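Please look over the sequence and the structure shown here before reading on. The briefing after them goes through a few features in turn.

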Amino acid sequence: MAVRIQGPDDINQRRASNQRGVVGVNPDPIGQVFENLGERGQRIAAGLREQQVESEVLRADMDARRELDALHRKIETGADPTQYESQFQTGAEEILRTRGGSMARDAGALWERRSAELLNAGVVASRESAQRRMLDDARASVRQVAEDAGRIIADPESDDNTRTQALETVRLAARKAQGRGLLSADDSAQFVTAAEGRLAEVQRTVGLTASAQAATDTIFAENETYEARLRAARGIENPTLRARVEAEVTQRQSRDNAARGEMLDQAYEHVAAGERVRRQHETGEDVDPVAHDQLLRKALGDVRSHPAGVLDDQ
């Protein structure tokens, strides 16, 4: 077999083949590694900055919420609930603007969106708080009217017409508050029902008192002794009226006994004074005989005018 000696063409062909075999190979693998690390570092740095921005906004959010809550509490102590919303909006805008004033630009953009959400939520909350306060004030107003009417109704000096007018005042106040949307139908009915119940109770009491007094007058007119009067009172069928009449009989008897005792004390004083005048007259002292006779007649006359009382006490 003949051996072929390679010439210049063979050498050129082999050189071209070698060049084709190394196409696409990175001549600097260490540089590629550094390039990858740089991209990763940039991503980490970007993520870190996002985290820092979010943390800054979250801290500002928590601080702002605390200040906004304090603003709510301060405003709610005011006497005019119609001013709650405007007062909150003014104060909240200042708080949120101050919180965002020291932030970087990227954090400030995020805070601007977050502060708008906080402001809107706070305005809604202050509006609801004002509505609750106005409803509470309306209930308190009607409740005060009802309490004043209750005192008038319960006053023993009030007559039936005055009590009826007091009840109508409660009805009118409840109806107007309900018509303005400040009082629910249930609350309105509750106030009116309570006033009506108070009036009915007073009317029953007044009627019972009048019946008890009339029955007691009859018992005292028809019976002479306390025991007989008490038996007559205990014979009443209505238990409520019976208890009232028994109490009335006992109280009236006590008053009569006290009056008779005072009368007897006065009579004894007059008799004693007359006796002293008589003794002075007998001893020859200078005593007016007319005054002596008047004292005796007054003392004896007082005793004779209340013989039954004297006998009862004996």
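Predicted model: local features only at pLDDT ≥ 70, side-chain atom pairs only at ≥ 80, totals over all residues.

Helix H6 (residues 185–222) packs against helix H5 (residues 160–179), their axes coming within 9 Å, and the axes of H6 and H4 come within 10 Å.

- Leaving aside residues up to four places away in sequence, Leu96 touches Ala64, Leu68, Trp111, Ser115, Leu118 and Leu119.

**Helices H5 and H6**

- The axes of H5 and H6 cross at roughly 175 degrees.
- Because an angle over 145 degrees counts as roughly antiparallel, H5 is roughly antiparallel to H6.
- On the H5 side, the contact is made by Arg163, Leu167, Val170, Arg171, Ala174, Arg175 and Gln178.
- On the H6 side, the contact residues are Ala185, Ser188, Phe191, Val192, Ala195, Glu196, Leu199, Val202 and Val206.
- By class, the residues of the contact of H5 with H6 are 10 nonpolar, 2 polar and 4 charged.

**Helices H4 and H6**

- The axes of H4 and H6 cross at roughly 5 degrees.
- Angles under 35 degrees count as roughly parallel, so H4 and H6 are roughly parallel to each other.
- H4 contributes Arg139, Val142, Arg143, Ala146, Gly150, Arg151, Ile153 and Ala154 to the contact.
- H6 contributes Asp187, Phe191, Ala195, Arg198, Leu199 and Val202 to the contact with H4.
- The contact of H4 with H6 divides into 8 nonpolar, 1 polar and 5 charged residues.

**Thr216**

- Thr216 lies in helix H6.
- The relative accessible area of Thr216 is 0%, and under 20% counts as buried, so Thr216 is buried.
- Not counting residues up to four places away in sequence, Thr216 touches Val245, Glu248, Val249 and Arg252.

Terms used
Residues numbered from 1 in each chain as written. Heavy atoms only, no water. Contact = heavy atoms within 4.5 Å. Axes fitted to C-alpha atoms, helices over the stretch in contact; angles between N-to-C directions. Helix = DSSP H or I, 4+ residues; strand = E, 2+ residues; numbered from the N terminus. Parallel < 35°, antiparallel > 145°, perpendicular 65-115°, else oblique. Nonpolar A, V, L, I, M, F, W, Y, C, P; charged D, E, K, R; others polar. Buried < 20%, exposed > 50% of the residue type's maximum accessible area, 1.4 Å probe, protein only.
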